[in-house]
Structures are given as C-alpha cells and as structure tokens.
Amino acid sequence: VRALLARSLGAAGFSVFTADDGEQGLARLEATPAIDLVLLDVTMPRMDGWQMLSEVRARRPGLPVVMMSGYSRPEPPEAAGVDDVPPFLPKPFDPELLLKMLESALRR
C-alpha cells in the first residue's frame, strides 16, 4: 500500500519520502526539513500513529498531518497526549479523495 501511495502521490506532483515504521518516519522528518506534510497510518510497527503524531507535534508544531486507517475513525489514547486530532482518511479510499485531503491540509 505504501509503494502504491508513493507512486500515486508522485504522479500527482508530490515529492514523497516513505518509512517502514514510526521510528524511521521520525528519523526521516528530522533529516529532511523540507517536509511539508505527514501522512501516517494509525497502525504501524515499533511506534504507532498516535505516538508518532505526538512526536511530530513536539518537533514541528505547525506541520500538517493527515492520518489514515483501515479501521473506523479511532480516538487517540489518553497516553498519546494528542489534543488536536488531524484529518482522518478511512481505508480503502479513492486516490482523488486522498489528493483533496492533502491539498486541504496544506492550505491550512
């Protein structure tokens, strides 16, 4: 799914960096200051989406984030310390909906 999303977003003109898990995603975020938006899955190995969201908010407070999941819209666990839940995209989704959601998040 990650590779398909990367190809689709690349074809739409986005520069895309992927990560295997939340820890790798945070390392990529730290190494690449030009990242303008983070698309993350609620369920990831080694660091789930809520934990990563909390870290992203701490490191880059104004960075837009869109979350996705194959499950119904989950609520953040209290331990995640997430006050503002970002836009949520349920899987499966239409690629056009993804593009609209990302463009909307970038405009905010």
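**A friendly note on salt bridges, strands and pockets**

1. Let's start with a contact: Arg46 forms a salt bridge with Glu23, and their closest N and O atoms are 2.5 Å apart. A salt bridge here is a side-chain nitrogen of Lys or Arg within 4 Å of a carboxyl oxygen of Asp or Glu. Arg46 lies in the loop between E1 and H3 and Glu23 in helix H2, so this pair ties together parts that are 23 residues apart in sequence. Helices (H or I, at least four residues) and strands (E, at least two) are DSSP runs, numbered from the N terminus.

2. Before going on, please keep in mind that this is a predicted model, in which local features need pLDDT of at least 70 and side-chain atom pairs count only at pLDDT 80 or more, while totals for chains, interfaces and linings use all residues. Residues are numbered from 1 along each chain as its sequence is written, and side-chain values use heavy atoms, with hydrogens and water left out.

3. Arg46 has another partner: Arg46 also forms a salt bridge with Asp21, with the closest N and O atoms 3.2 Å apart. Asp21 sits in the loop between helix H1 (2-11) and helix H2 (22-31), 25 residues apart from Arg46.

4. Arg46 is exposed at 60%, Glu23 is partly exposed at 36%, and Asp21 is buried at 9%.

5. The structure holds 6 salt bridges, and one more deserves a look. The side chains of Asp41 and Lys91 meet in a salt bridge (2.4 Å, N to O). Asp41 belongs to strand E1 and Lys91 to the loop between E3 and helix H4 (95-107), 50 residues apart. Asp41 is buried, at 14% relative accessible area, whereas Lys91 is partly exposed, at 27%.

6. Now the strands, which count as paired if DSSP finds at least two bridges between them. Strand E1 (residues 38-41) pairs with E2 in the parallel sense over 4 bridges, and Leu39 has Val66 in E2 as its bridge partner. On the other pairing, E2 and strand E3 (residues 88-90) are parallel over 3 bridges, with Ser69 standing opposite Pro90 in E3.

7. Strand E2 (residues 65-69) is mostly covered, as 5 of its 5 residues are buried. Val65, Met67 and Ser69 point one way, and Val66 and Met68 point the other way. In a regular strand the side chains alternate between the two faces of the sheet.

8. Finally, the pockets. On a 1 Å grid over the protein atoms alone, a cavity is a set of points where a 1.4 Å probe fits but cannot get out, and a pocket is an open set with protein on both sides within 12 Å along at least five of seven lines; lining residues have an atom within 4 Å of a point. The largest pocket is lined by 32 residues, and Val16, Phe17, Thr18, Val38 and Leu39 lie nearest its centre. H1, H2, E1 and H4 each supply at least two residues of that lining.

9. The lining of the second largest pocket includes Val1, Leu4, Lys91 and Phe93. H1 gives the largest share of this lining, 3 residues.

Technical notes:
Buried means under 20% relative accessible area, exposed over 50%, partly exposed in between (1.4 Å probe, protein chains only).
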